[in-house]
Amino acid sequence: MSLFAVTGATGHLGRLAVSSLLDRGVAPSDLVAVVRDASKAADLAARGVQVRVADYGDPAALEAAFTGVDRLLFVSGSEAGRREVQHRNVVAAAQATSVRRIVYTSIARADTNSTPLAVEHRLTEQLLRDSGIDTVLLRNSWYVENYTAQLPQYRATGAVVGAAGEGRVAAATRGDYAEAAAAALLADEPRAARYELGGPAFTMAELAAVLGDVTGTDLAYRDLPPADFRAGLLAAGLDEGTADFVLALELATAAGELDVPPTDLEELLGRPATDLRTALTELVG
């Protein structure tokens with residue numbers, strides 16, 4: 001029997017992936033939840049899942065956590081700017097413990113994506129290619145939850161404000177991405193070494209309209225020239241580095257860099273990806 005492991009197993013995506021693996025028939029004793037804080041995984045331990053404590057910054061702990069693991073779902077770190085070193089540690093530990101397959105959560109169009117977030121993902125993808133470990137890249141587009149988290153701000157201003165123009169975003173729910181990750185981890189012979197994952201694409205104007213309808217809020221999309229958008233971020237108290245980062249995400253959206261077909265996601269899911277209205281209704285409706 002294979003031993004499966006999920007890093008970041010108490011995070012938003014990792015916890016859902018663990019649940020999906022269990023739902024797909026993986027025995028709890030054949031599943032390792034790699035976490036930073038064991039107390040947050042008490043519910044997983046109660047279900048019989050092996051809980052092993054390791055931080056991406058601790059190579060020795062990672063090696064201990066990966067011992068005996070055959071297939072690893074490597075959920076990318078959440079600390080932008082620190083991921084290069086952290087991810088090197090993860091890959092090195094996987095090599096040292098003879099992990100046979102890694103499924104890694106990357107970013108949409110990582111080869112050409114211009115956002116600051118893509119840099120560390122490209123480096124990690126290269127690390128994985130150089131590792132000699134069988135690797136499946138899951139290049140996730142945006143999460144619908146990125147937008148629902150901003151609902152209080154949208155309501156306060158009466159608008160979704162951005163500089164994305166008519167750019168389309170193939171966002172999907174964390175649940176869909178987690179199910180896809182579980183499917184890729186369990187597949188004995190994945191069709192591809194790389195999947196561009198995203199749901200049915202929408203513009204920011206469409207997002208505002210559907211979100212407003214679902215929540216009963218009068219929302220519109222207010223598109224600003226990039227310089228005006230950046231000035232607004234600075235006026236709201238963001239420092240220049242953060243403002244530039246947020247603006248870069250908007251410009252990438254405008255350029256269509258987060259728009260991918262839903263076909264790869266739907267192939268892994270074995271069903272249609274969750275549409276925007278259904279997703280928003282489930283999340284905030």
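This is a predicted model: local features need pLDDT of at least 70, side-chain atom pairs count only at pLDDT 80 or more; totals for chains, interfaces and linings use all residues.

Trainee: Why is the pair of F74 and Y104 called tilted?

Mentor: The ring centres of F74 and Y104 are 4.9 Å apart, and their planes meet at 50°; since stacked requires under 30 degrees and edge-to-face over 60, the pair is therefore tilted. F74 belongs to strand β4 and Y104 to strand β5, 30 residues apart, so the pair links distant parts of the chain. Both residues are buried, and ring pairs join Y56, F74 and Y104 into a cluster.

Trainee: What makes the pair of Y143 and Y177 edge-to-face?

Mentor: The planes of Y143 and Y177 stand at 80°, with 5.0 Å from centre to centre, and an angle over 60 degrees counts as edge-to-face. Y143 sits in the loop between β6 and α6, whereas Y177 is in helix α8, so the pair ties together parts that are 34 residues apart in sequence. R174 also lies over the face of Y143, at 5.8 Å from the ring centre, where the limit is 6 Å.

Trainee: How do you know that Y177 counts as buried?

Mentor: Its relative accessibility is 1%, and buried means under 20%, so Y177 counts as buried.

Trainee: Why is α8 described as largely enclosed by the rest of the structure?

Mentor: Of the 13 residues of α8, 10 are buried, which is why the description holds; among them are R174, D176 and L185.

Technical notes: Residues are numbered from 1 along each chain as its sequence is written. Side-chain values use heavy atoms; hydrogens and water are left out. Rings of Phe, Tyr and Trp (its six-membered ring) pair if their centres lie within 6.5 Å; planes under 30 degrees apart count as stacked, over 60 as edge-to-face and the rest as tilted. Helices (H or I, at least four residues) and strands (E, at least two) are DSSP runs, numbered from the N terminus. Buried means under 20% relative accessible area, exposed over 50%, partly exposed in between (1.4 Å probe, protein chains only). A charge sits over a ring if NZ of Lys or CZ of Arg is within 6 Å of the ring centre and within 35 degrees of the ring normal.
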